Amino acid sequence: SNSNSIYSHDPELQDLLDWSWLSMPLYALHQFEESGYTVYGHRSDFIQTFNETNVHGIFIHPRSHTIANLVQAQGMLAAYAWASHRTGNPLFGALVYAYMGVHAATHILPKMKMQRLDELYEPGLAQTVFLMAPVTAHVIYKYVRYYYKKTMLSSSFSSSSFSGVLRLIVLLLVCFFFALFWHHAIMGGLGLKLAGDGTIDSATFLVLSVLALIIYPVVADRVLCYCCCYGGSGSGNTITTTSTSTQSKQHLE
């Protein structure tokens, strides 16, 4: 592909860009267990299970749940993966795995309070524990290692090592803030709650979801640029060394 030729000089960067695409089938397997078939081979009904427990005060409507899964979840993963490859900026991929980390936590953390084994399982939990959570942790580690190395070695950073580590911490916090906001406010608040209780109809929900999908990556890019000074998508992956960034720009042109 075009990105393979552009970023072949940085295999570690190319690896992160590829991981951003792999988030889509990974999350699709999770959705299959939630809304397809459980690990016991039974027909899964996540909506019924969720509405019966109703721990968040949210009633999920099947139509709004479908829009949330296809547009807000898979649409977001696809948009961020495309943006990551298009700009050569793997921070978009970091947002993807931050989102999956937040979603995995919503499955796992409540179950840690359960006392009975028959209460532990819910549709989507097995894939989360044995696949999504470990892979997400592994990929986030790869992002941390990549940006730590680039921050420490980049000629564009003349500050101390402590400042570089602090910048990395801010970067991680911003990524997880955007993931948390998307998961709880955009999907949970706008989508499942307002669409579920009839405050907005499905057509309005679909339009708002598409608008959020277009606007949100741009806002995330600008905030990450401002907070972490990585250069933004407009200038390529400028957190890397100067020579690497220059080569990327030349290829893109």
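Colleague: What should I know before I start?

Modeller: This is a predicted model, where local features need pLDDT of at least 70, side-chain atom pairs count only at pLDDT 80 or more, and totals for chains, interfaces and linings use all residues. Residues are numbered from 1 along each chain as its sequence is written, and side-chain values use heavy atoms, with hydrogens and water left out.

Colleague: Why should helix α4 span 38 Å?

Modeller: Helices are DSSP runs (H or I, at least four residues), numbered from the N terminus. The expected span is 1.5 Å times one less than the number of residues. Helix α4 has 26 residues (62-87), so it should span 38 Å, and its end C-alpha atoms, 36 Å apart, agree with that.

Colleague: Where does α4 bend?

Modeller: A bend is the angle between axes fitted to the seven residues ending at a residue and the seven starting there. For α4 that's about 35 degrees, at G75. Just after α4, G88 has a positive phi of about 75 degrees.

Colleague: Which residues have the most contacts inside the largest nonpolar core?

Modeller: In soluble globular proteins, nonpolar side chains tend to be buried together. A core here is a set of buried Ala, Val, Leu, Ile, Met, Phe, Trp, Tyr and Cys residues joined through side-chain atoms within 4.5 Å, with buried meaning under 20% relative accessible area (1.4 Å probe, protein chains only). The largest one has 46 residues, and M76, Y80, Y97, Y99 and W182 have the most contacts inside it. α5 gives the most to this core, eleven residues.

Colleague: What lines the largest cavity?

Modeller: Rolling a probe the size of a water molecule over the atoms shows where empty space is left. On a 1 Å grid over the protein atoms alone, a cavity is a set of points where a 1.4 Å probe fits but cannot get out; a pocket is an open set with protein on both sides within 12 Å along at least five of seven lines; lining residues have an atom within 4 Å of a point. The largest cavity is lined by A94, A98, I140, Y143, L172, C175 and F176. α7 supplies the largest share of that lining, three residues.

Colleague: And which element gives the largest share of the second largest pocket's lining?

Modeller: That's α4, with five residues. The lining of this pocket includes P62, H65, T66, N69 and L70.

Technical notes:
Helices (H or I, at least four residues) and strands (E, at least two) are DSSP runs, numbered from the N terminus. Buried means under 20% relative accessible area, exposed over 50%, partly exposed in between (1.4 Å probe, protein chains only).
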